[in-house]
Amino acid sequence: MEHRKRGWVKGIFVEEKKLANFFEQFLTQKSIFSNKQALQPEYQPESIQHRDKQIEIVASVLAPILKSHKPNNLFINGHTGTGKTLVVRRVTNHIKQVAEQHNLPVFIVYINCNLKRTADTEYRFIAQALKEIGRIVPYTGLPTDEVYNIFYSEVDQKKGQLVLVLDEIDTLVEKTDDQLLYNLLRINEHLKDSKVTIIGISNVPSFTDMLDPRVKSSLSMEKVTFPRYDAAQLLDILKQRAAKSFAEGVIEQGVLEKCAALLGQEHGDARKAIMLLRTAGEICEREKQQKVSIQHLDKAEDSIESTAVLDFVKVQPQQHHATLYAILTACGQRQQSVFTGEIYERYQEICKNASIRPLTQRRVSDIIQEFDMVGLIQSKVISKGRYGRTREIELALPPATISQVHDIVSEGLSLKHG
Ligand SMILES: Nc1ncnc2c1ncn2[C@@H]1O[C@H](COP(=O)(O)OP(=O)(O)OP(=O)(O)O)[C@@H](O)[C@H]1O
Ligand SMILES: [Mg+2]
């Protein structure tokens, strides 16, 4: 007993010593980051590169506000990570500063419609907008008309110009159809002493097609598109960001260039490029190395891809899990290709074991095609002469994710064993 007790105490001691060492080492390790905060998505860079034209358009559309004229409404679109939010925030902050210096009644209300519980209903949206201008109303309980009336009267009491920025406006229309937007666009009819200008921002290219023509024409009096960044532009953005966030000289030659090349053109996404660089830095730090190398960047790319795959698989419905499970077991560990017929047979068996009603082979084929489109599998159609055609399927999952995907789908199907 005494002996065991001593062993146990010794175990803790060793553990504690190891931990203490670990933290000591962590403290003394020179950080490769000088300001990691600068790699966070919400960080405001000092200057915005390659967006002069867009900044100029947004600024000149809004400028009349300073002379008490109502600007046209503005609609901004462009793919994700192209600097839309950054530019609008920057220009509206500036105009607000100038207005303050000249004692002009200019108010900016920024609402991200994608935030949960912000724009789920017309009511919630107006309550949120009211909160932004300093009036609290309960989040439920009043008749919707009354909340609208409170909003109109609060805005009117401002006796000034209000810019209402509706970021990720597509989610607003998805959640509330276009009635709310229609009402907002007609708000000036209810106002005597104030004027409201609306800036809508969206990253869904077909967004305006979703709108009623009346809404569409009054929303997009002026339009501006944010193109994707090419690799050279991303490189400039990355260089600027890296200089703010990494210690001098820790990024090896070629790393920023590769990062920019990976996310230029077809993605053109500055957010992803910055995230990739940050992840590479974190991996370098975890490996206790002093220089961020191309290998760290490659590992970061794999890790981001794996996370995206797992996030996608997690939210799939059960029938998709059953199909994916059939593909996983059919292709096996050796990643050999299989025909759809075999997958369908396995799928039926899995449905039986998991007590789910099987879909038709055609429907399962559609699911397989969906997987192909998002890149979980690769498939090719093979002609079998007079026996028709079949599809040959191969897994395209990042190898590091296979066992986790396996676990997620079997858990989703409540299967214990593969
Ligand atoms: N031209 C630029 N210069 C410096 N940083 C930039 C530039 N463009 C984008 N960024 C940075 O990239 C990230 C994404 O930009 P932003 O949030 O403005 O994209 P977005 O177009 O609004 O994307 P989404 O449609 O997904 O909302 C931010 O961290 C931003 O600071
Ligand atoms: Mg945005």
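Predicted model: local features only at pLDDT ≥ 70, side-chain atom pairs only at ≥ 80, totals over all residues.
Let me start with a strand pair: strand S1, residues 74-78, runs parallel to S4, and the two are joined over four bridges.

Is S4 enclosed or open to the outside? Seven of its eight residues are buried, so the strand is largely enclosed by the rest of the structure.

That brings me to the packing. The largest nonpolar core has 38 residues, and the members that touch the most others are Phe125, Phe151 and Leu166. Elements giving two or more residues to this core include strands S2 (106-112), S3 (161-167) and S4 (195-202). On the helical side, the contributors at that level are H4 (122-132), H5 (144-157), H6 (169-176), H7 (179-185) and H8 (213-219). Take Phe151 as an example. Beyond its neighbours within four places in sequence, Phe151 is in contact with Ile126, Ala129, Leu130, Ile133, Leu184 and Ile187. Apart from this core there is another, of 34 residues, with Cys351, Leu376, Ile408 and Val409 among them. As background, nonpolar side chains in soluble globular proteins tend to be buried together.

Leu19, Phe22 and Phe23 make a nonpolar patch on the surface, with about 310 Å² of accessible area together. Phe22 sits in helix H1, residues 2-28, and is partly exposed at a relative accessible area of 41%.

Next, the other sheet I want to show. It is an open sheet of three strands in the order S6-S8-S7, with antiparallel pairing. The edge strands are S6 (338-339) and S7 (377-383), each of which pairs on one side only. S6 meets S8, residues 389-395, in the antiparallel sense over two bridges. Within that pairing, Phe339 has Glu392 of S8 as its bridge partner.

Glu392 turns up again in the charged pairs. Which residue does Glu392 form a salt bridge with? The partner is Lys380, with the closest N and O atoms 3.8 Å apart. This pair links distant parts of the chain, since Glu392 is in S8 and Lys380 in S7, twelve residues apart. Glu392 has 17% relative accessibility; the cut-off for buried is under 20%, so Glu392 counts as buried.

Overall, the structure holds 14 salt bridges. In one of them, the side chains of Asp298 and Lys258 meet at 2.7 Å, N to O.

The last pair is Arg278 with Glu282, a salt bridge at 3.7 Å, N to O. These two are four residues apart in helix H11 (residues 270-286), so about one helical turn separates them. Arg278 is buried, with a relative accessible area of 16%.

Terms used. Residues numbered from 1 in each chain as written. Chains lettered and ligands numbered in written order. Heavy atoms only, no water. Core = buried A, V, L, I, M, F, W, Y, C linked by side-chain atoms within 4.5 Å. Buried < 20%, exposed > 50% of the residue type's maximum accessible area, 1.4 Å probe, protein only. Contact = heavy atoms within 4.5 Å. Patch = residues over 30% accessible without salt bridge, like charges linked within 9 Å, V, L, I, M, F, W, Y side chains within 5 Å. Areas by Shrake-Rupley, 256 points an atom, 1.4 Å probe, with all protein chains shown as cover. Salt bridge = Lys/Arg side-chain N within 4 Å of Asp/Glu carboxyl O. Pairing = 2+ DSSP bridges.
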